[in-house]
Amino acid sequence: MPIREQIRIKSRKEIDKLKEAGRVAANALRVAARAAKPGVTLLELDKLAENYIRKQGALPNYKGYRGFPATLCLSVNDRVVHGIPNSYALKDGDVLAIDCGAKLDGFHGDTCLTVGVGHVSETFKDLIATTQLAMFLGVSCCKVGLRMGDMASSVQKFAEARGYNIVRDYIGHGIGRDLHEDPQVVYADQPPGTGFRMEAGMTITIEPILNTGTHKCLVEPDGWTVRTADGKISAQFEHMVAITKNGPEILSYPDTEFELEDGL
Ligand code: MG
């Protein structure tokens, strides 16, 4: 079946439901991000996010997904994605990617950001800031009539011009009543003018991962945690986006009181 047939177009009502789920996930993400200080364990962060999500009458949608055991994916330093929260206590200077999902009223939220723990080197601050900019550049390309390759090539060009490499093995996705829907969304190696054509009502995630070294990754023996092949540092940001006739609409903003000090 051609890919277009498999992409579920959402109504305004469905987009609003996704935005509610996205808001809960975005708030929970920041509850964990605020608590991410030296000495705090990954399991403690996971519990904080889970408690917040359940209090909102939502469910942590990663928990149990293909057997994943936790609410958050917590990926420290050279961990790229899908880090399983454990008893590791955060250290000053760590780079922590927090990925959070919540299901509310039948719809899925999914969002991610990266923070520095305590005092972080200028090099890592640059990686984090550049990754966030790459994500927003991708969001800005979510326009009716553009193709995935137009977005991906812009993001790749931006990241590589700043000396970073985009991970190929882990990509974005459609989102709706299922956490992972069609289409698959890539951020590299997709030429302009190729890939699916964006239409109003498509809802996708923009979630590029930037590495300071090689884009290549390895999976840890736990079967989940992914790390960079060369042990260098990685960062990721993710927003859910609806493509509308008025332009991209971000579906994973937090409430104002949950925003982080640097405006994240
Ligand atoms: Mg995602």
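This is a predicted model: local features need pLDDT of at least 70, side-chain atom pairs count only at pLDDT 80 or more; totals for chains, interfaces and linings use all residues.

User: Which residues coordinate the magnesium ion?

Analyst: The magnesium ion is held by four residues: D110 through OD, H173 through NE2, E207 through OE and E238 through OE. The coordinating distances run from 2.1 to 2.4 Å.

User: Is H173 buried or exposed?

Analyst: H173 counts as buried, because its relative accessibility is 6% and the limit for burial is under 20%. E207 is buried too, with a relative accessible area of 6%.

User: Changing topic: what is the strand order in the open sheet of three strands?

Analyst: The order is 1-3-4, and the pairing is antiparallel. Strand 1 (72-76) and strand 4 (107-116) are the edge strands, each pairing on one side only. From one strand to the next, the twist averages 10°.

User: How many bridges join strand 3 and strand 4?

Analyst: Strand 3 (residues 95-104) pairs with strand 4 over 10 bridges, in the antiparallel sense. As one example of a bridge, D99 has C112 in strand 4 as its partner.

User: Which strands does helix 2 lie across?

Analyst: Helix 2 (residues 12-35) lies across strand 1, strand 3 and strand 4, and it runs at about 30° to strand 4. Helix 3 (residues 42-55) lies across strand 1 and strand 3, running at about 150° to strand 1.

User: How many aromatic pairs does the structure hold?

Analyst: There are two aromatic pairs.

User: Where do Y52 and F258 lie?

Analyst: Y52 is in helix 3 and F258 is in the segment after strand 14 (247-250), so this pair ties together parts that are 206 residues apart in sequence. Y52 is buried at a relative accessible area of 13%, and F258 is buried at 15%.

User: Why is the pair of F68 and W224 called edge-to-face?

Analyst: The planes of the F68 and W224 rings stand at 80°, with their centres 5.0 Å apart, so the pair is edge-to-face; the angle required is over 60 degrees. F68 is in the loop between helix 3 and strand 1, while W224 is in the loop between strand 10 (217-219) and strand 11 (226-228). This pair links parts of the chain that are 156 residues apart. F68 counts as buried, at 3% relative accessibility.

User: On to the backbone. Which residues does the cis peptide bond join?

Analyst: The cis bond joins D182 and P183, with omega at about 5°. D182 is in strand 7 (residues 181-185), and P183 is found in strand 7 as well. Most peptide bonds are trans.

User: What is the phi of R66, and of D105?

Analyst: R66 has a positive phi of about 50° although it is not a glycine. D105, also a residue other than glycine, has a positive phi near 50°. R66 lies in the loop between helix 3 and strand 1, and D105 in the loop between strand 3 and strand 4. R66 is exposed at a relative accessible area of 72%, and D105 is exposed at 54%.

User: Last item: what should helix 4 span, and how far apart are its end C-alpha atoms?

Analyst: Helix 4 (residues 122-140) has 19 residues, which at 1.5 Å a residue should span 27 Å. Its end C-alpha atoms are 27 Å apart, which agrees.

User: Which residues of helix 4 are buried?

Analyst: The buried residues of helix 4 are L127, I128, T130, T131, A134, M135, G138 and V139. In an α-helix, residues three or four places apart point the same way, because there are 3.6 residues a turn.

Methods. Residues are numbered from 1 along each chain as its sequence is written. Side-chain values use heavy atoms; hydrogens and water are left out. Donors are N, O and S atoms within 2.8 Å of the metal (3.2 Å for Na, K and Ca); water is not among the atoms, so sites may look incomplete. Buried means under 20% relative accessible area, exposed over 50%, partly exposed in between (1.4 Å probe, protein chains only). Helices (H or I, at least four residues) and strands (E, at least two) are DSSP runs, numbered from the N terminus. Two strands pair if DSSP finds at least two bridges between them. Axes are lines fitted to C-alpha atoms, for helices over the stretch in contact, and angles run from 0 to 180 degrees between N-to-C directions. Contact means heavy atoms within 4.5 Å. Rings of Phe, Tyr and Trp (its six-membered ring) pair if their centres lie within 6.5 Å; planes under 30 degrees apart count as stacked, over 60 as edge-to-face and the rest as tilted. The expected span of a helix is 1.5 Å times one less than its number of residues.
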